[in-house]
Amino acid sequence: MNNNKYATNRLLVSILLALATCNGGATAFSTPLRHKRSDYTSRGQTQPSSATPWQVPRGGDLATSSTSLKSSLIGAIDVFYKTMPLTSAFVTCGIKASAADLVAQKRAVMKDTAEALTAADEEILGEITTPLEKRRNFAFFLYGGLYQGMAQEIIFNEIFPKVFGQGTDLVTVFSKVSFDMLVVSPFVCLPVAYLVKSVIFQYTVSEALTRYKDDVMKNGLLLKYWSLWGPVQCMTFGVVPVHLRIAFIAVISFFWLIIFSSVTAKGQKERELECSLEDGVSCRIDG
């Protein structure tokens, strides 16, 4: 019995000593930490977080973490456009042009279906799907990436500043916009789209330029271009930062390419109709 009581007392003493030792150790370790905190405070520096890596941020910490993540993502995108201008221009404008043509093709199919079928026909036949014109879409992808992306990066951000200057004053902006509208657009920008398409669909350069002329004269292509891009380019050269100009143009040209795709498709239908009226056989050779 006495032995049991003695063993119990020894156990209690051992526990008390262990607790005292742990408390002393904690105090010994915590004292320098307090000095370290005050040292950071005295220097006006931010105190390192004592949170362990596996702790989940809560409340304000979560909001701060989310804001930091967004800032990092925006910063990475900004660096990408600054350090890789040609690559970023090709990727952005190529994907944008392809997506715009997909929208235009979808709209054209819906319009043609609505004109060709009555409500009774639709109920009998169900939804009519038209296969994607892949070569046409690929042509727009190349045109968007190579010209609207890479070529315009060189023209607007390298050649224009050397010719007209880098200022954003009224005279400089007006000079750039006027040259773009009256020289670059009618003689480079728009014809290139028809030339790229001629390579994809394998018809002659002469045929490509004839199609361009027809769309300008009969379908108001150039007037549509000027009415949109005149005001937009004033913003491009007057407001938008240099390294973000092509990205800004890509956003606007998404809507322009829907219009452009519709105009070229309309011209193609007119040529098919003229050809079929002449010999009774459709001469459709592209998308």
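Biologist: How do the residues of the lining of the second largest pocket divide by class?

Modeller: Nonpolar here takes in Ala, Val, Leu, Ile, Met, Phe, Trp, Tyr, Cys and Pro, charged takes in Asp, Glu, Lys and Arg, and the others, Gly among them, are polar. Going by those classes, the lining of this pocket comes out as four nonpolar, three polar and eight charged residues.

Biologist: What kind of model is this?

Modeller: Residues are numbered from 1 along each chain as its sequence is written, and side-chain values use heavy atoms, with hydrogens and water left out. Local features need pLDDT of at least 70, side-chain atom pairs count only at pLDDT 80 or more, and totals for chains, interfaces and linings use all residues, as the model is predicted.

Biologist: What volume does the largest cavity have?

Modeller: A cavity is a set of points where the probe fits but cannot get out. Grid points are joined across faces, edges and corners, and a volume is the space filled by probe spheres set on them. The structure holds three cavities of 30 Å³ or more, and the largest has about 80 Å³.

Biologist: Which elements give two or more residues to its lining?

Modeller: The lining is made up of A139, F140, Y143, A193, Y194, K197, F260 and T264. By class, that's six nonpolar, one polar and one charged. The elements are α5 (134-164), α6 (170-201) and α9.

Biologist: How many charged residues line the second largest cavity?

Modeller: This cavity has a volume of about 50 Å³, and its lining includes Q148, Y225 and W256. α5, α8 (221-238) and α9 each supply at least two residues. With five nonpolar and four polar residues in the lining, the charged count is none.

Biologist: Why is the pair of F140 and F260 called what it is?

Modeller: Rings of Phe, Tyr and Trp (its six-membered ring) pair if their centres lie within 6.5 Å; planes under 30 degrees apart count as stacked, over 60 as edge-to-face and the rest as tilted. That rule gives 18 aromatic pairs. F140 in α5 and F260 in α9 are 120 residues apart in the chain. Their ring centres are 6.0 Å apart and the planes are at 65 degrees, so the pair is edge-to-face.

Biologist: Is F260 buried or exposed?

Modeller: Buried means under 20% relative accessible area, exposed over 50%, and partly exposed in between (1.4 Å probe, protein chains only). F140 has 6%, which makes it buried. F260 has 3% relative accessibility, so F260 is buried.

Biologist: At what angle are the ring planes of Y225 and W256?

Modeller: Y225 sits in helix α8 and W256 in helix α9, 31 residues apart. Both are buried. Their ring centres are 5.2 Å apart, and the pair is edge-to-face because the planes are at 85 degrees.

Terms used
1 Å grid on protein atoms, 1.4 Å probe; cavity = no way out; pocket = protein on both sides within 12 Å on 5 of 7 lines; lining within 4 Å. Helix = DSSP H or I, 4+ residues; strand = E, 2+ residues; numbered from the N terminus.
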